[in-house]
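Open the model in your viewer and keep the selection panel at hand.

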Amino acid sequence: MPARLPYALLWLLALPFVVLRLVWRGRKQPGYLQHVGERFGRYGCRAPLPVIWVHAVSVGETRAAEPVVRALLARWPDHSVLVTHMTPTGRETSQALFGKETRVLRCYLPYDLRPFVRRFLRHFQPRAGIVMETELWPTLLAACRNTGVPVVLANARLSERSARRYARWPTLTRMTLGALAAIGAQTESDARRLADLGADGVEVTGNIKFDIAPSDALIARGKAFRERIGRRPTVLAASTREGEEALILQAFRDHAPSEAVLMLVPRHPQRFDEVARLVEAGGFKVQRRSNEMPVAAGTRVWLGDSMGEMFAYYAAADVALIGGSWLPFGGQNLIEACAVGTPVVLGPHTFNFAQVAELAIAAGAALRAGDIGEGMRSAAALLRDEAARRAAGEAGRNFAAAHRGATARTMQIVERLSAGP
(Lines give C-alpha, C1' and ligand atoms only; values in the text may rest on other atoms or scores of the structure.)
Protein backbone atom coordinates (compact mmCIF):
# COMPACT_ATOMS: atom_id res chain seq x y z
CA MET A 1 0.00 0.00 0.00
CA PRO A 2 1.38 3.47 -0.89
CA ALA A 3 0.94 4.92 2.61
CA ARG A 4 2.97 2.11 4.12
CA LEU A 5 5.89 2.41 1.70
CA PRO A 6 7.42 5.56 3.27
CA TYR A 7 6.85 4.00 6.71
CA ALA A 8 8.70 0.81 5.67
CA LEU A 9 11.53 2.84 4.14
CA LEU A 10 11.87 4.85 7.35
CA TRP A 11 12.09 1.62 9.32
CA LEU A 12 14.79 0.27 7.00
CA LEU A 13 16.81 3.47 7.36
CA ALA A 14 16.33 3.56 11.12
CA LEU A 15 17.05 -0.11 11.81
CA PRO A 16 20.86 0.24 12.28
CA PHE A 17 20.28 3.08 14.75
CA VAL A 18 17.58 1.08 16.52
CA VAL A 19 20.06 -1.76 16.98
CA LEU A 20 22.74 0.63 18.23
CA ARG A 21 20.26 2.06 20.72
CA LEU A 22 19.48 -1.47 21.86
CA VAL A 23 23.17 -2.05 22.54
CA TRP A 24 23.47 1.33 24.27
CA ARG A 25 20.53 0.62 26.56
CA GLY A 26 21.99 -2.80 27.26
CA ARG A 27 24.93 -1.13 29.01
CA LYS A 28 22.63 -0.16 31.88
CA GLN A 29 19.98 -2.85 31.43
CA PRO A 30 21.57 -6.14 30.30
CA GLY A 31 18.10 -7.49 29.57
CA TYR A 32 18.11 -5.52 26.32
CA LEU A 33 20.95 -7.74 25.09
CA GLN A 34 19.06 -10.96 25.80
CA HIS A 35 16.69 -12.68 23.37
CA VAL A 36 17.80 -10.25 20.65
CA GLY A 37 16.84 -12.69 17.89
CA GLU A 38 13.18 -12.39 18.90
CA ARG A 39 13.20 -8.75 17.81
CA PHE A 40 13.93 -10.02 14.30
CA GLY A 41 11.29 -12.75 14.36
CA ARG A 42 13.56 -15.61 15.46
CA TYR A 43 12.03 -17.68 18.28
CA GLY A 44 13.22 -20.76 20.13
CA CYS A 45 10.05 -21.48 22.11
CA ARG A 46 6.97 -23.11 20.66
CA ALA A 47 3.46 -23.10 22.05
CA PRO A 48 2.16 -26.60 22.86
CA LEU A 49 -1.43 -25.44 22.29
CA PRO A 50 -3.22 -23.03 19.94
CA VAL A 51 -2.23 -19.45 20.75
CA ILE A 52 -4.12 -16.36 21.83
CA TRP A 53 -1.72 -13.43 21.67
CA VAL A 54 -1.63 -10.43 24.06
CA HIS A 55 0.77 -7.55 23.45
CA ALA A 56 1.81 -5.49 26.49
CA VAL A 57 4.68 -3.11 25.84
CA SER A 58 6.20 -2.58 29.26
CA VAL A 59 5.42 -2.72 32.98
CA GLY A 60 2.21 -0.68 33.05
CA GLU A 61 0.60 -2.46 30.13
CA THR A 62 1.65 -5.86 31.47
CA ARG A 63 0.06 -5.17 34.84
CA ALA A 64 -3.06 -3.94 33.07
CA ALA A 65 -3.13 -7.13 31.00
CA GLU A 66 -3.19 -9.40 34.05
CA PRO A 67 -7.01 -9.62 34.38
CA VAL A 68 -7.31 -10.20 30.62
CA VAL A 69 -4.71 -12.96 30.57
CA ARG A 70 -6.34 -14.73 33.50
CA ALA A 71 -9.77 -14.40 31.90
CA LEU A 72 -8.41 -15.89 28.65
CA LEU A 73 -6.85 -18.82 30.51
CA ALA A 74 -10.16 -19.51 32.25
CA ARG A 75 -12.32 -19.09 29.13
CA TRP A 76 -10.14 -21.17 26.78
CA PRO A 77 -8.41 -23.89 28.85
CA ASP A 78 -7.22 -25.64 25.68
CA HIS A 79 -5.15 -22.64 24.50
CA SER A 80 -1.84 -21.03 25.35
CA VAL A 81 -1.55 -17.28 25.90
CA LEU A 82 1.48 -15.61 24.34
CA VAL A 83 2.38 -12.29 26.00
CA THR A 84 4.71 -10.10 23.94
CA HIS A 85 6.72 -7.12 25.15
CA MET A 86 9.13 -4.44 23.99
CA THR A 87 11.11 -3.92 27.22
CA PRO A 88 12.97 -6.22 29.63
CA THR A 89 11.03 -4.80 32.57
CA GLY A 90 7.75 -5.70 30.85
CA ARG A 91 9.03 -9.21 30.31
CA GLU A 92 10.20 -9.48 33.93
CA THR A 93 6.78 -8.30 35.11
CA SER A 94 5.14 -10.97 32.98
CA GLN A 95 7.40 -13.59 34.54
CA ALA A 96 6.51 -12.36 38.03
CA LEU A 97 2.77 -12.37 37.31
CA PHE A 98 2.44 -15.52 35.23
CA GLY A 99 5.62 -17.51 35.88
CA LYS A 100 3.67 -20.38 37.45
CA GLU A 101 1.19 -20.57 34.57
CA THR A 102 2.43 -23.29 32.23
CA ARG A 103 0.15 -22.08 29.44
CA VAL A 104 1.60 -18.55 29.39
CA LEU A 105 4.59 -17.88 27.13
CA ARG A 106 6.45 -14.59 26.76
CA CYS A 107 8.75 -13.10 24.14
CA TYR A 108 9.61 -9.82 22.43
CA LEU A 109 7.51 -8.51 19.58
CA PRO A 110 9.59 -8.15 16.41
CA TYR A 111 10.48 -4.84 14.83
CA ASP A 112 7.74 -3.66 12.48
CA LEU A 113 9.21 -4.81 9.18
CA ARG A 114 7.44 -7.31 6.95
CA PRO A 115 10.00 -10.19 7.06
CA PHE A 116 10.17 -10.08 10.87
CA VAL A 117 6.40 -9.77 11.29
CA ARG A 118 5.79 -12.69 8.90
CA ARG A 119 8.18 -14.90 10.87
CA PHE A 120 6.38 -14.02 14.11
CA LEU A 121 2.95 -14.87 12.72
CA ARG A 122 4.18 -18.00 10.94
CA HIS A 123 5.92 -19.26 14.07
CA PHE A 124 3.12 -18.77 16.59
CA GLN A 125 0.06 -18.77 14.29
CA PRO A 126 -2.13 -16.88 16.78
CA ARG A 127 -5.88 -17.42 16.54
CA ALA A 128 -6.57 -13.90 17.85
CA GLY A 129 -4.67 -10.93 19.24
CA ILE A 130 -5.26 -8.35 21.95
CA VAL A 131 -3.10 -5.22 21.94
CA MET A 132 -3.12 -3.29 25.21
CA GLU A 133 -3.69 0.48 25.26
CA THR A 134 -2.39 2.22 22.09
CA GLU A 135 0.49 0.24 20.67
CA LEU A 136 -0.21 0.50 16.94
CA TRP A 137 2.27 -1.13 14.56
CA PRO A 138 1.04 -0.63 10.96
CA THR A 139 2.91 -3.50 9.30
CA LEU A 140 2.03 -5.99 12.02
CA LEU A 141 -1.66 -5.09 12.06
CA ALA A 142 -1.88 -5.19 8.26
CA ALA A 143 -0.26 -8.63 8.24
CA CYS A 144 -2.72 -9.84 10.91
CA ARG A 145 -5.66 -8.66 8.86
CA ASN A 146 -4.27 -10.24 5.67
CA THR A 147 -3.74 -13.59 7.40
CA GLY A 148 -7.14 -13.60 9.12
CA VAL A 149 -5.95 -12.92 12.69
CA PRO A 150 -8.52 -10.63 14.37
CA VAL A 151 -6.85 -8.09 16.66
CA VAL A 152 -8.61 -6.12 19.38
CA LEU A 153 -7.19 -2.87 20.71
CA ALA A 154 -8.09 -3.19 24.39
CA ASN A 155 -8.03 -0.64 27.20
CA ALA A 156 -7.35 1.94 24.50
CA ARG A 157 -6.39 5.41 25.62
CA LEU A 158 -5.41 8.33 23.44
CA SER A 159 -4.50 11.71 24.89
CA GLU A 160 -4.96 14.93 22.95
CA ARG A 161 -1.19 15.11 22.55
CA SER A 162 -0.97 11.59 21.07
CA ALA A 163 -4.00 12.24 18.84
CA ARG A 164 -2.24 15.26 17.35
CA ARG A 165 0.84 13.12 16.60
CA TYR A 166 -1.22 10.45 14.86
CA ALA A 167 -3.10 13.14 12.90
CA ARG A 168 0.16 14.15 11.20
CA TRP A 169 -0.03 10.87 9.25
CA PRO A 170 -3.76 10.67 8.46
CA THR A 171 -3.71 8.03 5.73
CA LEU A 172 -1.37 5.65 7.55
CA THR A 173 -3.25 6.15 10.82
CA ARG A 174 -6.64 5.47 9.18
CA MET A 175 -5.32 2.33 7.50
CA THR A 176 -3.74 1.09 10.72
CA LEU A 177 -6.89 1.64 12.76
CA GLY A 178 -8.88 0.03 9.97
CA ALA A 179 -6.82 -3.16 10.30
CA LEU A 180 -8.19 -3.68 13.82
CA ALA A 181 -11.16 -5.98 14.26
CA ALA A 182 -12.47 -4.01 17.27
CA ILE A 183 -11.50 -1.31 19.75
CA GLY A 184 -12.42 -1.10 23.42
CA ALA A 185 -11.72 2.42 24.69
CA GLN A 186 -11.26 3.44 28.30
CA THR A 187 -13.43 6.56 28.13
CA GLU A 188 -15.83 8.47 25.87
CA SER A 189 -13.06 11.00 25.21
CA ASP A 190 -10.65 8.26 24.10
CA ALA A 191 -13.36 6.80 21.86
CA ARG A 192 -14.08 10.19 20.29
CA ARG A 193 -10.41 10.88 19.55
CA LEU A 194 -9.98 7.44 17.98
CA ALA A 195 -13.11 7.91 15.88
CA ASP A 196 -11.87 11.34 14.74
CA LEU A 197 -8.71 9.63 13.45
CA GLY A 198 -10.79 7.19 11.39
CA ALA A 199 -11.48 4.24 13.70
CA ASP A 200 -14.79 2.43 13.20
CA GLY A 201 -16.96 0.66 15.75
CA VAL A 202 -15.19 1.91 18.87
CA GLU A 203 -16.84 0.74 22.10
CA VAL A 204 -16.33 2.23 25.54
CA THR A 205 -15.39 -0.68 27.81
CA GLY A 206 -13.80 1.18 30.74
CA ASN A 207 -10.36 0.93 32.29
CA ILE A 208 -9.14 -2.62 32.88
CA LYS A 209 -6.75 -1.37 35.57
CA PHE A 210 -9.73 -1.08 37.91
CA ASP A 211 -10.03 -4.88 37.70
CA ILE A 212 -6.52 -5.50 39.03
CA ALA A 213 -6.93 -6.78 42.58
CA PRO A 214 -4.03 -6.94 45.04
CA SER A 215 -3.11 -10.48 46.01
CA ASP A 216 -3.23 -11.56 49.64
CA ALA A 217 0.53 -12.05 49.42
CA LEU A 218 1.15 -8.42 48.41
CA ILE A 219 -1.16 -7.08 51.11
CA ALA A 220 0.70 -9.22 53.67
CA ARG A 221 3.99 -7.91 52.30
CA GLY A 222 2.71 -4.37 52.73
CA LYS A 223 1.99 -5.10 56.38
CA ALA A 224 5.51 -6.49 56.73
CA PHE A 225 6.93 -3.33 55.16
CA ARG A 226 4.94 -1.27 57.65
CA GLU A 227 6.34 -3.32 60.52
CA ARG A 228 9.84 -2.53 59.30
CA ILE A 229 9.05 1.19 59.32
CA GLY A 230 7.20 1.15 62.62
CA ARG A 231 4.70 3.79 63.70
CA ARG A 232 6.39 6.72 61.97
CA PRO A 233 4.19 8.64 59.48
CA THR A 234 4.99 7.52 55.95
CA VAL A 235 4.74 9.27 52.59
CA LEU A 236 5.12 7.19 49.43
CA ALA A 237 6.51 8.79 46.27
CA ALA A 238 5.33 6.15 43.78
CA SER A 239 6.77 5.44 40.33
CA THR A 240 8.87 8.60 40.17
CA ARG A 241 10.52 9.69 36.95
CA GLU A 242 13.88 11.28 36.22
CA GLY A 243 14.12 14.81 37.59
CA GLU A 244 11.27 14.37 40.05
CA GLU A 245 13.24 12.79 42.89
CA ALA A 246 15.34 15.90 43.55
CA LEU A 247 12.17 18.01 43.75
CA ILE A 248 10.47 15.50 46.03
CA LEU A 249 13.46 15.28 48.38
CA GLN A 250 13.63 19.06 48.73
CA ALA A 251 9.88 19.29 49.37
CA PHE A 252 10.13 16.47 51.91
CA ARG A 253 12.93 18.31 53.71
CA ASP A 254 10.94 21.57 53.71
CA HIS A 255 7.40 20.43 54.51
CA ALA A 256 7.20 16.89 55.92
CA PRO A 257 7.17 16.18 59.67
CA SER A 258 10.68 15.59 60.99
CA GLU A 259 9.77 12.06 62.15
CA ALA A 260 8.27 11.06 58.77
CA VAL A 261 9.70 8.44 56.41
CA LEU A 262 9.72 8.95 52.65
CA MET A 263 9.24 5.70 50.71
CA LEU A 264 10.80 6.55 47.36
CA VAL A 265 10.06 4.09 44.53
CA PRO A 266 11.53 4.99 41.10
CA ARG A 267 9.57 3.74 38.12
CA HIS A 268 12.55 2.25 36.28
CA PRO A 269 14.82 -0.29 38.01
CA GLN A 270 17.93 0.82 36.13
CA ARG A 271 17.73 4.07 38.10
CA PHE A 272 17.72 2.53 41.60
CA ASP A 273 21.44 3.10 42.19
CA GLU A 274 21.35 6.58 40.66
CA VAL A 275 18.47 7.60 42.93
CA ALA A 276 20.22 6.13 45.98
CA ARG A 277 23.25 8.31 45.23
CA LEU A 278 20.98 11.34 44.79
CA VAL A 279 19.38 10.73 48.19
CA GLU A 280 22.76 10.40 49.90
CA ALA A 281 24.08 13.51 48.16
CA GLY A 282 21.10 15.38 49.59
CA GLY A 283 22.22 14.51 53.10
CA PHE A 284 19.51 11.97 53.85
CA LYS A 285 20.18 8.64 55.48
CA VAL A 286 18.79 5.98 53.15
CA GLN A 287 17.97 2.29 53.46
CA ARG A 288 16.86 -0.03 50.69
CA ARG A 289 13.91 -2.34 50.54
CA SER A 290 16.34 -5.09 49.51
CA ASN A 291 17.97 -4.70 52.93
CA GLU A 292 15.68 -6.79 55.14
CA MET A 293 16.60 -4.91 58.34
CA PRO A 294 14.03 -2.71 60.12
CA VAL A 295 14.16 0.95 59.16
CA ALA A 296 16.54 2.66 61.58
CA ALA A 297 15.42 5.63 63.66
CA GLY A 298 17.73 7.98 61.77
CA THR A 299 16.63 6.85 58.31
CA ARG A 300 14.52 9.43 56.47
CA VAL A 301 14.30 7.73 53.05
CA TRP A 302 13.42 4.09 52.37
CA LEU A 303 14.25 3.28 48.75
CA GLY A 304 11.92 0.82 47.04
CA ASP A 305 14.43 -1.05 44.87
CA SER A 306 12.14 -3.88 43.76
CA MET A 307 9.74 -4.73 40.95
CA GLY A 308 6.18 -6.00 41.13
CA GLU A 309 5.49 -4.81 44.68
CA MET A 310 3.65 -1.54 44.12
CA PHE A 311 0.49 -2.77 45.83
CA ALA A 312 2.63 -3.62 48.88
CA TYR A 313 4.19 -0.14 48.91
CA TYR A 314 0.77 1.48 48.69
CA ALA A 315 -0.57 -0.77 51.46
CA ALA A 316 2.33 0.29 53.72
CA ALA A 317 1.93 4.05 53.15
CA ASP A 318 -0.20 6.65 54.90
CA VAL A 319 -0.43 8.84 51.79
CA ALA A 320 0.90 8.56 48.23
CA LEU A 321 2.36 11.14 45.85
CA ILE A 322 1.92 9.84 42.29
CA GLY A 323 5.07 9.99 40.21
CA GLY A 324 5.16 11.23 36.64
CA SER A 325 2.70 13.99 37.56
CA TRP A 326 5.19 16.52 39.00
CA LEU A 327 7.01 17.03 35.70
CA PRO A 328 5.27 16.76 32.29
CA PHE A 329 5.41 12.95 31.95
CA GLY A 330 1.63 12.52 32.07
CA GLY A 331 1.35 10.74 35.42
CA GLN A 332 1.32 7.12 36.52
CA ASN A 333 -1.50 4.81 37.54
CA LEU A 334 -3.30 5.97 40.71
CA ILE A 335 -5.89 3.18 40.75
CA GLU A 336 -3.71 0.78 42.75
CA ALA A 337 -3.44 3.30 45.58
CA CYS A 338 -7.20 3.82 45.60
CA ALA A 339 -7.85 0.06 45.59
CA VAL A 340 -5.98 -0.42 48.88
CA GLY A 341 -7.37 2.73 50.47
CA THR A 342 -4.31 4.99 50.37
CA PRO A 343 -5.08 8.70 49.87
CA VAL A 344 -3.55 10.15 46.71
CA VAL A 345 -1.94 13.50 45.94
CA LEU A 346 -1.51 14.31 42.24
CA GLY A 347 0.64 16.87 40.51
CA PRO A 348 -0.48 19.05 37.59
CA HIS A 349 0.56 16.63 34.81
CA THR A 350 -1.92 13.74 34.53
CA PHE A 351 -2.77 13.71 30.82
CA ASN A 352 -2.13 9.96 30.57
CA PHE A 353 -4.82 9.35 33.19
CA ALA A 354 -6.89 12.50 32.73
CA GLN A 355 -10.39 11.16 33.34
CA VAL A 356 -9.35 8.73 36.09
CA ALA A 357 -7.60 11.58 37.88
CA GLU A 358 -10.60 13.90 37.67
CA LEU A 359 -13.02 11.18 38.77
CA ALA A 360 -10.79 10.28 41.73
CA ILE A 361 -10.63 13.93 42.78
CA ALA A 362 -14.41 14.27 42.45
CA ALA A 363 -14.88 11.12 44.55
CA GLY A 364 -12.72 12.50 47.35
CA ALA A 365 -10.03 9.84 46.83
CA ALA A 366 -7.36 12.23 45.50
CA LEU A 367 -6.16 15.81 45.81
CA ARG A 368 -4.61 17.96 43.09
CA ALA A 369 -1.54 20.11 43.78
CA GLY A 370 -0.01 22.73 41.53
CA ASP A 371 3.57 21.74 42.34
CA ILE A 372 5.50 19.36 44.56
CA GLY A 373 5.79 21.85 47.40
CA GLU A 374 2.01 22.16 47.57
CA GLY A 375 1.74 18.39 47.13
CA MET A 376 4.01 17.67 50.09
CA ARG A 377 2.14 20.18 52.23
CA SER A 378 -1.11 18.40 51.36
CA ALA A 379 0.46 15.05 52.24
CA ALA A 380 1.69 16.45 55.56
CA ALA A 381 -1.78 17.78 56.34
CA LEU A 382 -3.25 14.32 55.75
CA LEU A 383 -0.63 12.79 58.02
CA ARG A 384 -1.80 15.09 60.80
CA ASP A 385 -5.54 14.54 60.19
CA GLU A 386 -6.43 10.89 60.73
CA ALA A 387 -10.14 11.42 60.09
CA ALA A 388 -9.51 13.06 56.71
CA ARG A 389 -7.01 10.36 55.83
CA ARG A 390 -9.46 7.58 56.64
CA ALA A 391 -12.25 9.30 54.70
CA ALA A 392 -10.03 9.67 51.61
CA GLY A 393 -8.92 6.04 51.87
CA GLU A 394 -12.51 4.79 52.06
CA ALA A 395 -13.47 7.03 49.14
CA GLY A 396 -10.65 5.46 47.16
CA ARG A 397 -11.84 1.93 47.83
CA ASN A 398 -15.39 2.85 46.83
CA PHE A 399 -14.13 4.66 43.71
CA ALA A 400 -12.07 1.65 42.58
CA ALA A 401 -14.93 -0.80 43.22
CA ALA A 402 -17.48 1.33 41.33
CA HIS A 403 -15.49 1.26 38.07
CA ARG A 404 -14.72 -2.44 37.78
CA GLY A 405 -15.99 -4.60 34.91
CA ALA A 406 -13.87 -3.58 31.91
CA THR A 407 -12.30 -7.03 31.62
CA ALA A 408 -15.70 -8.69 31.23
CA ARG A 409 -16.73 -6.16 28.58
CA THR A 410 -13.45 -6.72 26.73
CA MET A 411 -13.94 -10.48 26.84
CA GLN A 412 -17.40 -10.03 25.30
CA ILE A 413 -15.73 -8.38 22.31
CA VAL A 414 -13.20 -11.20 21.98
CA GLU A 415 -15.90 -13.85 22.21
CA ARG A 416 -18.04 -12.02 19.68
CA LEU A 417 -15.19 -12.01 17.18
CA SER A 418 -14.67 -15.74 17.50
CA ALA A 419 -16.85 -18.35 19.15
CA GLY A 420 -13.52 -19.97 20.04
CA PRO A 421 -10.15 -18.78 18.75
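The model is a predicted one.

**The cores**

Start with W53 and F120, the residues with the most contacts inside the largest nonpolar core, which has 44 residues. Next select helix α4, residues 114-124; this helix gives five residues, the largest share of that core. Stay on F120 and show what surrounds it. Beyond its neighbours within four places in sequence, F120 is in contact with G41, Y43, W53, L82, T84, L109, P110, Q125 and L140.

Colour the strands β8 to β14. In what order do the seven strands of the open sheet run? The order is β10-β11-β9-β8-β12-β13-β14, with parallel pairing. At the edges are β10 (286-288) and β14 (366-368), each of which pairs on one side only. From one strand to the next, the twist averages 25 degrees.

Zoom in on β13, residues 344-346, which pairs with β14 in the parallel sense over three bridges. Select V345 and look across to β14, where L367 is its bridge partner.

Helix α9 (residues 216-229) lies across β8 (234-240), β9 (261-266) and β11 (301-303), and runs at about 145 degrees to β11.

**Helix α5**

Select residues 138-146. Is this helix mostly covered or mostly uncovered? Helix α5 is mostly covered, with seven of its nine residues buried. The buried ones are P138, T139, L140, L141, A142, A143 and C144. Show their surroundings: the buried residues of α5 pack against α1 (4-28), β1 (51-55), α4, β5 (151-156) and α7 (170-178).

Pick T139 from this helix. Its relative accessible area is 13%, so T139 counts as buried, the cut-off being under 20%. Leaving out residues up to four places away in sequence, T139 touches Y7, D112, L113, R114 and V117. Just after α5, check the backbone of G148, which takes a positive phi of about 80 degrees.

**Aromatic pairs and charges over rings**

There are 13 aromatic pairs in the structure. Select F210 and F399: their ring centres are 5.4 Å apart and their planes stand at 80 degrees, so this pair is edge-to-face. F210 is in the loop between β7 (202-204) and α9, while F399 is in helix α16 (residues 386-402), 189 residues apart. F210 and F399 are both buried.

Go on to W302 and Y313, an edge-to-face pair at 6.2 Å centre to centre with 70 degrees between the planes. W302 belongs to strand β11 and Y313 to helix α12 (residues 310-316), so the pair ties together parts that are eleven residues apart in sequence. W302 is buried, with a relative accessible area of 0%, and Y313 also counts as buried, at 1%.

Then select W11, F40, Y111, F116 and W137 together; ring pairs link them into a cluster.

Finish with two arginines. The charged end of R27 sits over the ring of W24, 4.2 Å from the ring centre. For R157, the charged end sits over the ring of F353, 5.5 Å from that ring's centre.

Methods:
Residues numbered from 1 in each chain as written. Predicted model: local features only at pLDDT ≥ 70, side-chain atom pairs only at ≥ 80, totals over all residues. Heavy atoms only, no water. Core = buried A, V, L, I, M, F, W, Y, C linked by side-chain atoms within 4.5 Å. Buried < 20%, exposed > 50% of the residue type's maximum accessible area, 1.4 Å probe, protein only. Helix = DSSP H or I, 4+ residues; strand = E, 2+ residues; numbered from the N terminus. Contact = heavy atoms within 4.5 Å. Pairing = 2+ DSSP bridges. Axes fitted to C-alpha atoms, helices over the stretch in contact; angles between N-to-C directions. Phe/Tyr/Trp six-rings, centres within 6.5 Å; stacked < 30°, edge-to-face > 60°. Lys NZ or Arg CZ within 6 Å of the ring centre and 35° of its normal.
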